[in-house]
Amino acid sequence: MNVMPAKSAAMGRPDLTNPDLNNLAMSKEAQPLFDAVMKHIDENVAPITEEFFRLGEGRKDPWSWAPGQLELLEGAKNKAKASGLWNFFLPGSEIGRGLTNLDYAYIAAELGKQPLASESLNCSAPDTGNMEVLERVGTPEQKEKWLKPLLNGEIRSAYAMTEPAVASSDAKNVATRAVLDGDDWVINGEKYYISGAGDPRCKIMITMVKTSPDASPQFQQSQILVPIGTPGVKILGPMHVFGHDHAPRGHMHIKFDNVRVPKENILLGEGRGFEISQLRLGPGRIHHCMRSIGAAEKALDLMVKRGSTRQAFGKNLIALGKNIELVSRARIEIEAMRLMVLKAAKAMDVLGNREARIWVSMVKAMVPEKVCTIIDQAIQIHGATGISQWTPLAEMYMNQRHLRFADGPDEVHHMVVGRAELSRH
């Protein structure tokens, strides 16, 4: 199966003139689904969120879920399934609802306002990207063994790419080696910041490895399915994000020590790792960006409520200094980000993931940075409370700052966009 579109004369340049890119309305078919998601969040997710996190406080084993937590979450998931609100993220697929990227972008923005919303609909990263890869390029056997339980929300997964010893923002540097020995791939190397690999429900990793060091650079890498319980997979511990381990999901440091998996575990074929990445990274980055806009909306809401209800120097905080201008700028930035991300989603629908990558890089460079700024301003107007556990703002900021690395550093996205712009001249 060839998942890459034919190369065109415009490859590498943003298509700025295609009129189809400017129709950013949600489809009429998706509107009832959007309304149903909003109802599900209000009725089934928001009411359990505080209790879910309260149950997890002070548990003896941080790398497990406390009694009652998963039962609450499974209850919300079962209600979503019963209402047909499940697996929205696969664009144009017969699995799930087959939404376009554009329609799903509207939904993802709402999911970003509630920490449990995405998982309640089985739309959480990194499972979304992993399921999309398996659905598009997996063999029937791979789909039966791994895609089916992921689609059912029975297990979780991880994506193992980043390495501590090399600059992994350039994926050609990935050095974890996989060598074919008889009927097995033997894998040796080290990965870190492998998000979700600490979750006891995580059963499978899609792992980027170097299989063909003598091939041209774009054909040296492959992606291989590695069950997390395979002998030789050693989870050395969690990497912290601003001092937090994010247990029980975590961002794990993993060593692969002579890990053997069947040769049939390779995805799509030897040397096709970058090809798979082109398929995987576009939609996933749009999901992150739209959820980030949801987080910015929540931060702005908290900023306005705090500024309108606290007084200092005889005035409401919102009337002091340039605070009212900060509110205005936040609203303007949110709407600008929303339009940019919707256009990137539409570009994927119209042009395909590979040719839309310039639009994707634009929003990936733009959104987390601006959302960080909005959350930071909301923190400031809350005073010391803003960096405390009494509001969600500190964790929201940490998550957004983390995103400026998780999908590639800002500089890489600016390089992609800038290089394409230079090619126009």
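Colleague: At what angle do the axes of α1 and α3 cross, and are the two helices roughly parallel or roughly antiparallel?
Modeller: In this predicted model, the axes of α1 and helix α3 (residues 101-111) come within 10 Å and cross at roughly 10°. Angles under 35 degrees count as roughly parallel. α1 and α3 are therefore roughly parallel to each other.

Colleague: Is the crossing of α1 and α3 left-handed or right-handed?
Modeller: Two packed helices are described by the angle between their axes and the distance between the axes. For α1 and α3 these are roughly 10° and within 10 Å. The crossing in which α1 passes α3 is right-handed.

Colleague: Which residues make the contact of α1 with α3, and how many of them are charged?
Modeller: From α1 come Leu33, Phe34, Val37, Met38 and Ile41, and from α3 come Tyr106, Ile107, Glu110 and Leu111. Eight of the contact residues are nonpolar and none is polar. The number of charged residues is one.

Colleague: Which word describes the orientation of α9 and α11 to each other?
Modeller: Helix α9 (residues 357-382) packs against helix α11 (residues 410-423) with the axes 8 Å apart and an angle of about 140°. Roughly antiparallel needs an angle over 145 degrees, and roughly perpendicular one of 65 to 115. α9 and α11 are therefore oblique.

Colleague: Which residues form the contact of α9 with α11, and how do they divide by type?
Modeller: The crossing of α9 and α11 is left-handed. Its contact uses Ile358, Ser361, Met362, Lys364 and Ala365 of α9, together with Asp410, His413, His414, Val416, Val417 and Ala420 of α11. By type, the residues of this contact are six nonpolar, three polar and two charged.

Colleague: How many aromatic pairs does a search of the whole structure find, and which parts of the chain does the pair of Phe52 and Trp65 link?
Modeller: The search finds three aromatic pairs. Phe52 and Trp65 form a tilted one, with 5.7 Å centre to centre and 50° between the planes. The partners are 13 residues apart, and the pair links helix α1 (residues 31-56), which holds Phe52, to the loop between α1 and α2 (69-82), which holds Trp65.

Colleague: Are Phe52 and Trp65 buried or exposed, and which residues form one aromatic cluster with them?
Modeller: Buried means under 20% relative accessible area. Phe52 has 1%, so Phe52 is buried; Trp65 has 13%, so Trp65 is buried too.

Colleague: Which residues does Gln69 contact, leaving aside its neighbours within four places in sequence?
Modeller: Gln69 lies in helix α2. Its relative accessibility is 3%, so Gln69 counts as buried. With those neighbours left aside, the contacts of Gln69 are Phe52, Leu55 and Gly56.

Terms used. Residues numbered from 1 in each chain as written. Predicted model: local features only at pLDDT ≥ 70, side-chain atom pairs only at ≥ 80, totals over all residues. Heavy atoms only, no water. Phe/Tyr/Trp six-rings, centres within 6.5 Å; stacked < 30°, edge-to-face > 60°. Helix = DSSP H or I, 4+ residues; strand = E, 2+ residues; numbered from the N terminus. Buried < 20%, exposed > 50% of the residue type's maximum accessible area, 1.4 Å probe, protein only. Axes fitted to C-alpha atoms, helices over the stretch in contact; angles between N-to-C directions. Left-handed = near helix turned anticlockwise from the far one by under 90°. Contact = heavy atoms within 4.5 Å. Nonpolar A, V, L, I, M, F, W, Y, C, P; charged D, E, K, R; others polar.
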